[in-house]
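User: Hey, I'm new to this one. Could you walk me through it with a few questions and answers?

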Amino acid sequence: MSAPGSVLFKPIGIGRLGLPGRLFKTATAETLGTADGLATDAVVDFYVPIARGGTPLIITGNIYVSRDGKSAPLQLGVDDDDKIAGLAKVVDAVHAQGAKFFAQLNHCGRQVIPRFAQSPEAFSASDVKDLLTGTRPLPLTPAQIQRLVGQFADAAERCQRAGFDGVQLHSANGYLLSQFLTPYTNRRSDQYGGSLENRTRFIREIIQAIRTRLGPGFPVIVKMNGSDWLPLRDGLKTGELVEAAVMLQHAGIDAVEISVGHYESGFPMVRGTFDLCLRNMLEGSMRYLPPLRRNLLRVFRPLVTLASNLLWKGRQGYNLDYTPQFKQRLAIPVICVGGFRTREAMEAAISAGKCDAVSAGRAFIADPYFYRHIRDQQPGPRCVDCNACVGHLGARPAECYHPLVKAEKDAMLARETHSGT
């Protein structure tokens, strides 16, 4: 049975939006759109069980705001009005189950394999090659940056028209907005580079454009790193990221969700074990790497797997290493993502004042009713952090690919369908 006194199930506000609990579904790429970025019935089918499980807030996978920001073939888009009707169908289905729904807006920047995403070019703050993919982006001109500011605002307006309850700007994990924040990837000498004030200018202009367009009542939150985790490179540490968050709070955001790392960092943002993950990557998006990089990864995969397993062992709440510093400086809610699996760990994080709410991704992929099972202290399929799902992201649908956990999940969903709940 649930415990009403639990801090995990106390209401919380994000801007003017009230939520009845503090465990949310974080963004994970669905890989369920059409080639043109339209939402499909499969997207509805992915989110409805999560909403039916009582999840207070669900955040979509990253949705591209412009065609040159697309990172995978079947990624959802919101770059044109033709996307609104399909997204509205997904939103209506989620709302019918009582959940609130945010759209995560993103541009991939340099973190793309153009041949995989079927994109002609990659763009970033500066022309710094991505060491994982080998992609060297073109630096955005000030005029192109201003166009993207407008495209982010256009995307937010389309999301509001589709019925979303808010939007999340993806400024974590090395995507374009993160690339502007980070000195390693931002070597500009104009008004968008150099000082932290300049490096936050792009995202602050996006926030201001959205506020001008949609007013103060539409929730806008940001996902950002607690650490860039870029050893031997000029990545951001927690202190400067906190200062950036303060600037974004002044610009008008309603909450921050704290993650970690860039693609070049390896796997600090997921942790666990990586044999299935790397195998699946080589069968999926990594097949499109330049031949030398692909062959090196194939040859050295066992060694990379061993190193990854040692460096990024699974543990709950690993981004709690960073969130207390954000909590000390911010007046808006701080959400922590990062390996949460048990009610005890989530309650401890919030009760200790390390964050205001927690979010999870892989746990909901393994068990769409994760929130209900945590709340009611009932057993359910449990993610074992094998990261097979992570390896398939962008190439195959978001799904649990661990055979035993997947079998338990399928049986659970079949029982629910049979019982009519």
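This is a predicted model: local features need pLDDT of at least 70, side-chain atom pairs count only at pLDDT 80 or more; totals for chains, interfaces and linings use all residues.

User: What is the distance between the closest N and O atoms of Asp79 and Lys83?

Analyst: Take the cover of each partner before the distance. Asp79 has a relative accessible area of 23%, so it is partly exposed, while Lys83, at 4%, is buried. The two form a salt bridge, and their closest N and O atoms are apart by 2.8 Å.

User: How many residues apart in sequence are the parts that Asp130 and Arg110 tie together?

Analyst: The side chains of Asp130 and Arg110 meet in a salt bridge of 3.8 Å, N to O. Asp130 lies in the loop between strand 6 (123–124) and strand 7 (138–139), and Arg110 in the loop between strand 5 (100–106) and helix 3 (114–117), so the parts they tie together are apart in sequence by 20 residues.

User: How do helix 4 and helix 7 lie relative to each other?

Analyst: Two packed helices are described by the angle between their axes and the distance between the axes. For helix 4 (residues 142–162) and helix 7 (residues 201–214), the axes come within 9 Å and cross at roughly 40°. The crossing is right-handed. With that angle, helix 4 and helix 7 are therefore oblique.

User: Which residues form the nonpolar patch on the surface?

Analyst: Let's begin with one member, Leu292, found in helix 10 (residues 291–311). Its relative accessibility is 62%, so Leu292 counts as exposed. The patch has about 790 Å² of accessible area together, and its members are Leu292, Leu296, Val299, Phe300, Leu303, Val304, Leu306 and Leu310.

User: What is the phi of Asp385, and what is the phi of Asn387?

Analyst: Asp385 has its place in the loop between helix 14 and helix 15 (388–392), and Asn387 lies in the loop between helix 14 and helix 15 too. Asp385 is at 16% relative accessibility, so it counts as buried, and Asn387, with 1%, is buried as well. Neither is a glycine, yet phi is positive in both: for Asp385 about 60°, and for Asn387 about 65°.

User: Last one: is Leu232 buried or exposed?

Analyst: Leu232 has its place in the loop between strand 9 (220–225) and helix 8 (238–251). Its C-alpha atom and that of Arg315, 83 residues apart along the chain, are separated by 25 Å. The relative accessible area of Leu232 is 92%, so this residue is exposed.

Terms used: Residues are numbered from 1 along each chain as its sequence is written. Side-chain values use heavy atoms; hydrogens and water are left out. Patches are made of residues with over 30% relative accessible area and no salt bridge: like charges are joined within 9 Å, nonpolar side chains (Val, Leu, Ile, Met, Phe, Trp, Tyr) within 5 Å. Accessible areas come from the Shrake-Rupley method with a 1.4 Å probe; for residues, only the protein chains shown count as cover. A salt bridge is a side-chain nitrogen of Lys or Arg within 4 Å of a carboxyl oxygen of Asp or Glu. Helices (H or I, at least four residues) and strands (E, at least two) are DSSP runs, numbered from the N terminus. Buried means under 20% relative accessible area, exposed over 50%, partly exposed in between (1.4 Å probe, protein chains only). Axes are lines fitted to C-alpha atoms, for helices over the stretch in contact, and angles run from 0 to 180 degrees between N-to-C directions. Angles under 35 degrees count as roughly parallel, over 145 as roughly antiparallel, 65 to 115 as roughly perpendicular and the rest as oblique. A crossing is left-handed if the near helix is turned anticlockwise from the far one by less than a right angle, and right-handed if clockwise.
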